[in-house]
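I opened this model to look up a few things.

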Amino acid sequence: MTDFKLKIEIIIVLIAISMVFMPSYAESSAKFGYQLLPEKLLENTEGILQLYVSANGIMMPKSINNLKVISTDNSIIKVIGVEQFNEYITNIKVQALSPGIVNLVVAASGFLSEEIPIKVHNNNNYPSQIMMQLTPDDFPVDGPRFGYLSVESLTTSGLPTKAENDIIVSISSPNTDVVELEDDKLVIQKGDYFAVGKFFIKNSGDAIIFAETDGMKKISEVVHVRKASTPLEIKLYLAPTTFNSFSTPRGYAVVQLQDADGIPVKAEKDIPVALKVENPDAEINTSHDFEEILFDSKNLVIKQGTYSAYTSFVPRPNLGDFTSEDQQTFSISTSAEDYLARGSSIIITHQEIGNLQGEGPAKMLALPFLTTGENELIGIMYFEAVLAEVAKQLGDESHITNFNVAVPVMANADLEINVASSDLASVKTSPVFFKQGENVALVFGKTGTVIPEDGKPLELYLTDNQGVKKIIGKPEGPLEDDLVLNTVSLIPLILAGERFPVLAYLEETEGGDEETTTSSDDDDEEEDGRLGVTHFIKDTVITFSANEYVELEPVIIKQNQPYALMMANSKKIGSTTLAVLGSGLESSLSITSHTTDPTMIYLSYPETILPDTNNIVTIQALDSSDNPVFAKEDIQISLLSNDESVIKMPGLVTIPKDSYRVFFEIEAKKVGSVEVSALAEDLSLAKFNFWVKGLIPKLSLSTAAAIDINEETLSRLSVEYAGIPISPEGLEVEWLVTGGDIIQKDSVTNENGEATVIVKAREASGIEIKAVVNGFGMSDEVSKSIAVNIPVPVISEEEPASSFENINMAFIIIPVAVAAALIFLKRTNRLEEIIERLNLGDLGERVLEIKERVSSIRER
């Protein structure tokens with residue numbers, strides 16, 4: 001028996017320990033919830049910061065006491081008042097004085113202090129800054145030599161806006177060696193929002209261009225002009241290169257500015273070039289001014305924007321009288337400051353043959369030329385023959401020492417030599433004319449803007465008295481396959497409902513890539529100075545796809561035109577992309593139209609709302625960039641809810657003219673969610689979701705398991721908010737009882753969230769107790785049943801008492817020990833054996849009845 005009792009005691013201790021150390025729900029600390037009204041606050045206006053208690057994203061029905069509020073910068077936000085809006089919400093009135101971001105520090109009893117950031121927006125209805133754009137901003141060495149410069153007026157938030165008065169913008173650049181400005185001032189006229197000017201390219205390098213106006217920030221942009229591959233040199237071309245001193249032939253000397261790859265480069269400034277002849281027999285000259293070669297001009301100038309210059313020359317007549325040699329070689333050199341120079345030479349024979357005349361044969365020296373779309377010098381043509389071929393014209397041949405030399409041939413009449421091109425897109429040649437008695441002529445051609453397809457040479461066919469001869473031309477320019485069509489707005493930001501300039505141009509890229517990039521200083525490879533904007537290669541029409549946002553008319557383009565400038569009309573707010581076709585190429589124009597007029601409406605309200613409370617909501621006007629903006633006329637807004645049983649709000653509110661927001665109250669009726677649609681004329685539909693959330697507590701009801709008929713019992717209701725720092729005090733409790741009578745009850749929960757009821761058993765069928773709890777927009781219930789017992793007869797003292805009956809009475813006196821003993825015997829499979837051996841009969845049933853009565857007494 002001792003072991004049995006010990007086991008019972010151990011079980012009771014373990015149960016007690018487990019109950020002590022049972023984990024409980026930890027309450028989180030109370031924290032502030034807040035909502036700024038309006039959410040986008042404008043300078044020089046007032047607003048409200050609503051403060052309330054929040055937990056798990058839900059507004060709590062708890063007041064804030066001893067609230068303290070300060071602003072970290074009173075020049076931006078000033079606190080002008082604190083007042084209680086309702087039992088749970090405190091309104092902090094603020095005055096926005098200037099744009100910026102500031103923190104409001106809030107602290108109150110029972111809360112951790114917090115810094116609440118507030119942004120104050122600028123008044124967005126007038127110009128406060130300018131923006132500039134350079135188009136293009138990257139130029140090749142041989143492309144168009146000017147670009148466009150635009151300035152436009154913007155609001156502080158970066159939206160285009162019309163000037164209220166003329167805005168005079170000063171334009172300047174310290175890099176005058178690289179660019180030249182067409183005007184040093186641009187005027188954005190009253191009622192307009194942009195102005196366009198030009199800048200001209202003078203030299204390679206980078207140039208910064210500044211724009212400034214009174215009362216606005218000075219801005220700048222950079223234009224990059226590429227360099228040709230270096231070193232640059234002056235190269236001399238001579239034709240013909242063989243002369244006879246006993247005739248009067250003429251030749252041409254052409255000097256050309258070329259890059260390191262031998263490609264012509266347009267001069268960025270005038271380049272003086274001097275010609276000099278080296279005399280192999282200078283020691284025989286008797287006069288310092290003796291010149292073997294006579295030039296029309298020995299001092300040439302390659303003009304800015306061109307790449308060549310030329311002059312004619314003739315050998316000095318009877319030069320052979322001053323030497324005993326059959327022929328002499330004369331070196332002709334060039335010199336130019338800051339440039340490398342490369343010369344050439346000619347041979348003068350001394351055959352006493354006089355002038356040879358004929359209709360040829362013709363030869364041609366092809367010169368490198370740029371496909372600029374202009375007339376360019378593409379070669380030098382001359383008449384020349386081997387002496388043996390024309391010996392029959394000489395008569396007496398006894399004085400000829402060498403029949404294998406080439407000698408000039410003079411035209412025997414006015415002659416025209418035709419030259420045809422294999423690729424008219426590269427060059428269309430002009431007829432070459434020789435006047436009677438001339439032996440040389442320059443060849444010009446109307447160039448195109450591209451070179452023949454990759455790998456194909458330019459073939460020039462000249463026809464003379466010997467037939468057709470093929471000469472390989474030397475064009476330099478872009479490949480058509482490497483060209484892309486660019487179409488851009490000349491101003492970066494577009495105002496809806498207004499016209500704006502658009503620019504289209506061709507650009508040479510590497511392999512037809514859509515974008516030409518420059519090499520950085522870290523790149524090993526030198527940038528390709530030939531890539532960038534180029535002229536249109538043929539007559540064409542640029543067309544645009546139909547579009548509801550932008551209207552653009554087709555524009556006609558002429559070959560060699562550098563740009564196509566046109567005006568577009570923005571018809572509505574938004575973003576769009578137009579397809580562009582021209583010069584056999586496809587492109588696109590992407591634009592976004594903005595406005596400072598209200599384009600949308602925005603509601604500000606708490607994240608969640610408590611049921612059965614009133615709340616303040618603001619609705620404000622925003623522009624196309626989500627910035628607050630003043631209404632230019634009254635804006636009437638209809639508010640439609642999909643469930644008016646959850647939230648009650650006005651059906652119509654008005655933002656007055658010259659205001660940007662309106663305050664109004666809503667009433668939260670019950671828990672639920674609502675979608676509110678806001679509609680206003682000329683503004684996009686706006687939808688907002690409201691959530692009304694109540695607090696759902698955890699309910700528990702403790703009652704007796706069983707009582708006797710006509711006996712009273714106390715039941716206890718417990719209410720708690722797990723993990724939420726809010727007291728469950730004051731919740732309404734409705735008690736519903738069947739099978740019994742309410743003797744006493746609590747109608748609300750106390751400070752511990754408890755309420756009790758005393759019920760007297762009336763019916764033997766049992767008692768049903770239900771507690772219905774209401775409060776903070778919630779309604780929940782919990783119920784339990786209580787069994788009702790019929791009294792059990794008790795054995796009188798006169799009856800003989802056997803040892804078994806005494807055992808029965810002992811079980812009644814100490815039911816816990818008996819029950820424990822029975823459990824122990826049951827678990828050890830000895831209970832049934834003992835009952836049979838001791839003839840206990842219905843002992844088990846009577847023990848169960850006693851247990852129920854003991855439980856009832858314990859509860860009471």
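**Sheet and edges**

I started with an open sheet of 5 strands, in the order 43-51-50-46-48, with mixed pairing. Strands here are DSSP runs of E with at least two residues, numbered from the N terminus. Two strands pair if DSSP finds at least two bridges between them.

I noted that this is a predicted model, in which local features need pLDDT of at least 70 and side-chain atom pairs count only at pLDDT 80 or more, while totals for chains, interfaces and linings use all residues. Residues are numbered from 1 along each chain as its sequence is written, and side-chain values use heavy atoms, with hydrogens and water left out.

Which strands stand at the edges of the sheet? I found strand 43 (494-495) and strand 48 (555-557) there. Each has a single partner strand, so one side of each is left without a neighbour in the sheet.

Isoleucine 494 has serine 593 as its bridge partner in strand 51.

**Another pair of strands**

I looked next at strand 54 (residues 635-641) and strand 56. They run antiparallel and are joined by 4 bridges. Isoleucine 635 stands opposite isoleucine 655 of strand 56.

Strand 56 (residues 652-655) has two faces. Val653 and Ile655 make up the covered face. Leu652 and Thr654 are on the uncovered one.

**Backbone checks**

I searched for cis peptide bonds and logged two examples. One runs from leucine 37 to proline 38, with omega near -10°. Proline 38 sits in the loop between strand 1 (31-37) and strand 2 (41-42).

The other runs from alanine 239 to proline 240, also cis, with omega near -10°. Proline 240 is in the loop between strand 19 (233-239) and strand 20 (242-244).

I also logged positive phi at residues other than glycine. Asparagine 44 has a phi of about 65°. Its place is the loop between strand 2 and strand 3 (45-55). Asparagine 560 has a phi of about 75°. That residue lies in the loop between strand 48 and strand 49 (564-570).

Are these asparagines buried or exposed? I used these cut-offs: buried is under 20% relative accessible area, exposed is over 50%, and partly exposed is in between (1.4 Å probe, protein chains only). Asparagine 44 is exposed at 61%. Asparagine 560 is buried at 12%.

**Charged pairs**

How many salt bridges does a search of the whole structure find? I got 18. The criterion is a side-chain nitrogen of Lys or Arg within 4 Å of a carboxyl oxygen of Asp or Glu.

I looked up lysine 93 and glutamate 83. Their closest N and O atoms are 3.8 Å apart. The pair links lysine 93 in strand 7 (residues 90-96) to glutamate 83 in strand 6 (residues 77-84), 10 residues apart. Lysine 93 is partly exposed, at 34%. Glutamate 83 is partly exposed too, at 40%.

Glutamate 233 and arginine 342 came next, with their closest N and O atoms 3.2 Å apart. Glutamate 233 is buried, at 12%. Arginine 342 is partly exposed, at 41%.

Aspartate 296 and arginine 250 meet at 3.7 Å, N to O. Aspartate 296 is in the loop between strand 23 (293-295) and strand 24 (299-302). Arginine 250 is in the loop between strand 20 and strand 21 (251-258), and the two residues are 46 residues apart. Aspartate 296 is exposed, at 57%, whereas arginine 250 is partly exposed, at 34%. I also noted one network, in which salt bridges with shared partners join Asp142, Asp259 and Arg530.

**Confidence**

The chain averages 84, and 83% of the residues score at least 70. Over residues 515-524 the pLDDT is below 50, and this stretch has 16 contacts beyond near neighbours in sequence. A contact means heavy atoms within 4.5 Å. Residues 837-841 also stay under 50, with 4 contacts beyond four places in sequence. Where pLDDT is low, the predicted coordinates should not be read in detail.

Note on methods:
pLDDT = per-residue confidence, 0-100.
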